[in-house]
Amino acid sequence: MADATDPLTTDVISPARDEAAEPLPSSGPHVLPVHAVRVSGLCKTYRKTGRGSAKLALDNVDLEIPCGSLFGLLGPNGAGKSTLINILAGLVTKSAGEVRVWDIDITERPRDARAAIGVVPQELSIDPFFTPRELLDLQAGLFGVPLHRRRTMAVLEAVGLADKADAYARTLSGGMRRRLLVAKAMVHRPPVLVLDEPTAGVDIELRQQLWAHVRTLNRAGVTILLTTHYLEEAEGLCDRIAIIDHGRVIACDTTQALLRRIDSKMLTLTVSETLTAVPAALAPFDAELKDRHILVLHYKPSTTPVGAILGAVQTAGLTLVDLMTDETDLEDIFLQLTRGSRAREQG
Ligand SMILES: Nc1ncnc2c1ncn2[C@@H]1O[C@H](COP(=O)(O)OP(=O)(O)OP(=O)(O)O)[C@@H](O)[C@H]1O
Ligand SMILES: [Mg+2]
């Protein structure tokens, strides 16, 4: 869809800014900050409302998102993901802590910080009576992008919506609205793009298109922060992943390191013999009989070599027809880590 001359990806390291604003801090305009986002000791308590009690949504969060990374923020419903994103975007005020976007303190220079970030919100909030062209123009105006720097049609082309430029937004499909929101978040060419559950309710084909676009933006230098419930997607897409639960970051690492941290594998054996029970030799491998010919084993690869399992299969006098290992997936890690953090909380 997009390429190196993509209007959404060129000039990404110089966000549109107020002419009168201070110069970017420390470095010159071509020097990138080490961290696109830096959060330390961040707390957010939503105030008590009517019937509801006060809610601690973020509890002392520290997070560093390296410049240029494709960063995944994972967590169950209510973990605090949107709260964190909305604070970065200047939509929610923090209760305590420090937040820097593109090395700009969001409290000291909120306007500049907002210019450095584009946010695609979780909710599909588009005014139905505007056309895509009008919406993007309006957004560019809000961010003070001067007329001669606006490339509304080129931006719409990049997200495949050029032919819908003058259609009412209410006539767009859900997937098209999602793409329009991505375009809207990118009109001021921010170096950091945040997508809050961009694929919720989006069909598989469109999801893949959206991810391809996200990858292209990332390759062009845009730092991406996304939240998703599709854990396997974060595994395939993100270079770093943070897991947040009950407002706390319980893990933050490279995707590879996070995958290595879990020490559990599953092995499915198909045998030619007809079984009625798990053979004694295989009992130590937490085996279960799935079918009269299929056994599922669970083991720790750090202490159990696969050879030991094959030896036990021989001891049991079984003939292997097929053998399949399941790679550890993020779902396992996620469950393990969240269980761990809950246990510590209760303990
Ligand atoms: N405006 C608000 N007022 C009061 N409480 C809020 C408000 N927004 C969020 N919360 C609460 O803060 C907590 C974190 O919510 P948040 O929306 O950040 O979670 P999330 O990780 O984005 O969840 P989801 O995956 O469902 O989108 C939840 O307990 C939620 O009920
Ligand atoms: Mg959310």
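I started with an open sheet of four strands, ordered β2-β1-β4-β5 and paired in the antiparallel sense. Its edge strands, each pairing on one side only, are β2 (55-66) and β5 (104-105). I take pairing to need at least two DSSP bridges between two strands. Helices (H or I, at least four residues) and strands (E, at least two) are DSSP runs, numbered from the N terminus.

Before going on, a note on the model: it is predicted, so local features need pLDDT of at least 70 and side-chain atom pairs count only at pLDDT 80 or more, while totals for chains, interfaces and linings use all residues. Residues are numbered from 1 along each chain as its sequence is written, and chains are lettered from A and ligands numbered from 1 in the order in which they are written.

Back to the sheet. I found β4 (residues 96-101) joined to β5 by two antiparallel bridges, and there arginine 100 stands opposite aspartate 105 of β5. Helix α1 (residues 81-88) lies across β1 (35-46), β2 and β4, and runs at about 65° to β2. Axes here are lines fitted to C-alpha atoms, for helices over the stretch in contact, with angles from 0 to 180 degrees between N-to-C directions.

Next I picked leucine 63, which sits in strand β2. Is leucine 63 buried or exposed? Leucine 63 counts as buried, because 20 C-beta neighbours lie inside 10 Å. My cut-offs: buried means 20 or more other C-beta atoms within 10 Å of the residue's own, exposed means 12 or fewer, partly exposed is in between, and C-beta atoms are placed from the backbone. Leaving out residues up to four places away in sequence, leucine 63 touches Val39, Ala242, Val249 and Cys252. Contact means C-beta atoms, placed from the backbone, within 7 Å.

β11 (residues 265-271) and β13 (residues 294-299) pair in the antiparallel sense over six bridges, and threonine 268 has valine 296 in β13 as its bridge partner.

Then the helix pair. The axes of α3 (residues 132-142) and α5 come within 9 Å and cross at roughly 25°. That makes the two roughly parallel, since angles under 35 degrees count as roughly parallel, over 145 as roughly antiparallel, 65 to 115 as roughly perpendicular and the rest as oblique. Which residues meet between α3 and α5? Pro132, Leu135, Leu136 and Gln139 of α3 meet Leu180, Ala183 and Lys184 of α5.

Arginine 189 is not a glycine, yet has a positive phi of about 50°. I found arginine 189 in the loop between α5 (174-186) and β7 (192-196), and it is buried, with 25 other C-beta atoms within 10 Å. Histidine 246, also not a glycine, has a positive phi of about 50°. Histidine 246 belongs to the loop between β9 (240-245) and β10 (248-254) and counts as partly exposed, because its C-beta neighbours inside 10 Å number 18.

How values were computed:
Contact = placed C-beta atoms within 7 Å.
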